[in-house]
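Biologist: I have not looked at this one before. Could you show it to me and take my questions in turn?

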Amino acid sequence: MSSLRSAIPRKAHKERAQPHLRRKFGLLEKHKDYVIRARAYHQKEQTLLKLKEKAALRNPDEFYFKMIKTKTVDGVHKPESQANKYTNEDLMLMKTQDIGYFLQKLQTEKKRFILEFLKIERLNGMLHSLENQSSSKHVYYADNREEAREVRQNVSEQGNPSAFKDLPKVILRKTDSSYRELEARKKRLKDLEKIYTDMSMQKELQKKGKKRKLCEDEMVSPTSRPVYKWRQERKH
């Protein structure tokens, strides 16, 4: 019976439109639109009530330093600018600490790269030793010399079957993963070296002394990175 009820065509109920005299106010607001608007209104109302309560219960003797270090511009609360918060000595110290951290990471990554390279060399040596060994020993029998000569000729033409196909899958999987790890560490090492070089250059540029950037014609071996030259100063 339920299947027959669903098969009977039903009348499509249309939503009531805005009356003709109120078309200037736009579309007629539906109930779901009213619910959204009402919830937003009550949420703003509750926020204003909480702010009024907080202002009423405020301690008149309350004080913190941001009261004198900030200001209001056109009704907008703006904190004090912190552009010159640190001195040149503080910036130089922080830059030195950052360079020391990256140098430590660079040395650690170099050690891990060497260990991974030695691991791959050890696996390659194991693979070569397994390839040199014969995968299986076959014994051929012949009734006479002519048949033995034919068997020896057929074996020499076919060659020794490669033992690489018979290697354990664990060793092959370890070798592939080691090569991928080596490539990833090589890329990470290159990125760390670039960051360390750039930070060291920035630290040197922050130091005192007159310097200028060399042109490509002045470089002995031109590179893509900028090269600077410091003017010699007499030490007193």
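**Questions on the model**

Modeller: Lys187 and Asp191 both sit in helix 6, four residues apart, about one turn of the helix. Helices (H or I, at least four residues) and strands (E, at least two) are DSSP runs, numbered from the N terminus. This is a predicted model, in which local features need pLDDT of at least 70 and side-chain atom pairs count only at pLDDT 80 or more, while totals for chains, interfaces and linings use all residues. Residues are numbered from 1 along each chain as its sequence is written, and side-chain values use heavy atoms, with hydrogens and water left out.

Biologist: What is the distance between the closest N and O atoms of Lys187 and Asp191?

Modeller: An α-helix has 3.6 residues a turn, so residues three or four places apart point the same way. Lys187 and Asp191 form a salt bridge, a term for a side-chain nitrogen of Lys or Arg within 4 Å of a carboxyl oxygen of Asp or Glu. Their closest N and O atoms are separated by 3.4 Å.

Biologist: Is Lys187 buried or exposed?

Modeller: Buried means under 20% relative accessible area, exposed over 50%, and partly exposed in between (1.4 Å probe, protein chains only). Asp191, its salt-bridge partner, is partly exposed at 35%. Lys187 has a relative accessibility of 55%, so it counts as exposed.

Biologist: Which pattern does the protein follow along the sequence?

Modeller: The protein has six helices and four strands. Read in sequence order, the pattern is α-α-α-β-β-α-α-α-β-β.

Biologist: What percentage of the residues in the protein is buried?

Modeller: The accessible surface, from the Shrake-Rupley method with a 1.4 Å probe, comes to about 22500 Å². Carbon and sulfur atoms hold 54% of that surface. Of the 236 residues, the buried share is 11%.

Biologist: Which residue forms a salt bridge with Arg37?

Modeller: The count of salt bridges comes to six. Arg37 is partly exposed, at 48% relative accessible area. The closest N and O atoms of its bridge are 2.9 Å apart, and the partner is Glu29.

Biologist: How many residues apart in sequence are the parts that Arg188 and Glu109 tie together?

Modeller: The side chains of Arg188 and Glu109 meet in a salt bridge, 3.0 Å from N to O. Arg188 lies in helix 6 (residues 169-206) and Glu109 in helix 4, so the pair ties together parts with a sequence separation of 79 residues.

Biologist: Is Glu109 buried or exposed?

Modeller: Glu109 belongs to a network of salt bridges with Glu181, Arg185 and Arg188. Arg188 is partly exposed, at 36%. Glu109, with a relative accessible area of 5%, is buried.

Biologist: Which side chain of opposite charge is nearest to Glu116?

Modeller: Glu116 has its place in helix 4 (residues 88-132). It is buried yet has no salt bridge; for charge, Lys and Arg count as positive and Asp and Glu as negative, with His and the chain ends not counted. The nearest side chain of opposite charge is 4.4 Å away and belongs to Arg185.

Biologist: Which residues is Arg185 in contact with, leaving aside neighbours within four places in sequence?

Modeller: Arg185 is found in helix 6 and is buried, with a relative accessible area of 14%. Contact means heavy atoms within 4.5 Å. By that rule Arg185 touches Glu109, Arg112, Phe113 and Glu116.

Biologist: How many aromatic pairs are there?

Modeller: Rings of Phe, Tyr and Trp (its six-membered ring) pair if their centres lie within 6.5 Å; planes under 30 degrees apart count as stacked, over 60 as edge-to-face and the rest as tilted. The rings of Phe63 and Phe65 have centres 5.7 Å apart and planes at 65 degrees, so this pair is edge-to-face. Tyr101 and Phe102 also pair edge-to-face, with 5.7 Å between centres and 80 degrees between planes. The count of aromatic pairs is two.
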